[in-house]
Amino acid sequence: MDFNEEINNALKVIKRGGIILYPTDTVWGIGCDSTNADAIDKIYRLKKRSETKAMICLVSDFKMLNQFVEEVPEVAYDILKYAAKPTTIIYDKPIRVAENLVGEDDTLGIRVTKDEFCQKLIRKMKRPLVSTSANISGEPTPESFHEISPEILKGVDYVVNLQQSKKTAKPSAIIKLSNDGKVQVIRK
């Protein structure tokens, strides 16, 4: 399967409000356009997940990060520059994303992805890509494509045909950075 063809197929589905199953720099993710509330609702329903449990987004680079967070704390750049593994940071006051993606405390977890497929797809979308693990809420996170439940596979509008034999990495580290300078490690 051609890499660029997969990006274009995924992009078409996302543009028409669909949800995709795709490989990331951590675990397999379910994703959609971060500005499309209906698509985000589809993911909540598929995962049987409470809407109070926030999901994260992937961005392609720091420039995009700055377009979707009111104010990125300076320390975020240092954390991301020196992080030994993929790291999601929860920021205060996200902007320009669907309301049902934002946490009740007006925060959003965002990861600058290093995965080539994700970067290219996000650049073409010109907006963040929702990313949540490919499992029903409360069930274990699948460690490989073959562990993803049939319910999830049937529930998405498109399955990206790349890296399906690869054993996935662990979920990302999660750090909460408040605008008042508070730093909290949520998941190592």
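**Pockets and salt bridges**

The second largest pocket has a volume of about 160 Å³, where a pocket is an open set of points on a 1 Å grid over the protein atoms alone at which a 1.4 Å probe fits, with protein on both sides within 12 Å along at least five of seven lines, and a volume is the space filled by probe spheres set on the points. The model is predicted, so local features need pLDDT of at least 70 and side-chain atom pairs count only at pLDDT 80 or more, while totals for chains, interfaces and linings use all residues. Residues are numbered from 1 along each chain as its sequence is written, and side-chain values use heavy atoms, with hydrogens and water left out.

**Pockets**
- Among the residues that line the second largest pocket are Asp25, Phe62, Lys85 and Arg111, lining residues being those with an atom within 4 Å of a point.
- The largest pocket holds about 630 Å³ of space, and of its 34 lining residues Arg49, Ala54, Ile56, Ile174 and Arg187 lie nearest its centre.

**Salt bridges**
- The structure holds 6 salt bridges, each a side-chain nitrogen of Lys or Arg within 4 Å of a carboxyl oxygen of Asp or Glu.
- One of them joins the side chains of Asp25 and Arg111 at 2.6 Å, N to O, and both residues are buried, that is, under 20% relative accessible area with a 1.4 Å probe and protein chains only.
- Glu151 and Lys48 also meet through their side chains in a salt bridge of 2.4 Å, N to O; Lys48 counts as exposed because its relative accessibility is 54%, exposed meaning over 50%.
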